[in-house]
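Hi everyone, thanks for making time. Let me put a structure up on the screen, and then I'll walk you through a few parts of it.

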Amino acid sequence: MSKASRDKGQRGEREVCKLLEGHLGCAFKRNLMQTAEGGHDVLGLDGCAIEVKRCEKLALEKWWKQTVTQAKDVGLLPVLFFRRNSEDWTVAVPTFTLMNWITLPMDNHYALMSVTQFTQFYSQLKAKGGL
């Protein structure tokens with residue numbers, strides 16, 4: 001991975017931390033050990049393993065599999081933030097978190113939403129004890 005690509009990814013992680021702080025009012029930070037330990041990108045959202053992708057070429061299926069694998073390793077809910085240049089952030093969460101039944105494996109089924117929709121969803125899910 002080139003330095004420019006790494007820098008772009010780190011900027012994306014910082015953007016997501018600031019977005020979440022603005023919406024949820026608490027502190028978030030980049031996981032500086034993610035490269036060495038293979039963990040998720042952002043720390044501070046209880047119950048969630050956040051992966052961040054800032055790329056022009058979308059590879060949603062590949063990114064989702066990575067997000068799910070990392071979340072399963074630590075027993076957390078997979079959450080993927082992604083965006084291309086000049087576009088807003090989009091968030092992917094497992095479909096089963098939007099429903100009252102769990103028949104779809106999280107590996108293959110996800111729902112896309114804006115950051116605002118995600119933070120509202122997360123707040124409601126946490127208030128109901130879903131995390």
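Let's begin with the outward side of helix α3: the face turned away from its buried side carries the exposed residues K62, K65 and D73. By exposed I mean over 50% relative accessible area, by buried under 20%, and by partly exposed anything in between, with a 1.4 Å probe and protein chains only. Helices here are DSSP runs of H or I with at least four residues, strands are E runs of at least two, and both are numbered from the N terminus.

A word on where this comes from: it is a predicted model, where local features need pLDDT of at least 70, side-chain atom pairs count only at pLDDT 80 or more, and totals for chains, interfaces and linings use all residues. Residues are numbered from 1 along each chain as its sequence is written, and side-chain values use heavy atoms, leaving out hydrogens and water.

So which residues of α3 are buried? They are L60, W63, W64, T67, V68, Q70 and A71. These cover an arc of only 170° around the axis, so they sit on the same side of α3; the arc is that of the directions from the helix axis to the C-beta atoms. As a reminder, an α-helix has 3.6 residues a turn, so residues three or four places apart point the same way.

What do those buried residues pack against? Their partners are β3 (48-54), β4 (77-83), β5 (90-94) and β6 (110-114), where contact means heavy atoms within 4.5 Å.

Staying on this helix, T69 lies in α3 and counts as partly exposed because its relative accessibility is 46%. T69 and G39 are 30 residues apart in sequence, and their C-alpha atoms are 9.6 Å apart in space. Just after α3, G75 takes a positive phi of about 70°.

There's another positive phi to point out, in a residue other than glycine: S86, near 60°. S86 lies in the loop between β4 and β5, and at 80% relative accessibility it counts as exposed.

Last stop, a helix pair. L19, L20, H23 and L24 in α1 meet V115, T116, F118, T119, Y122 and S123 in α4.

Thanks, and I'm happy to take questions!
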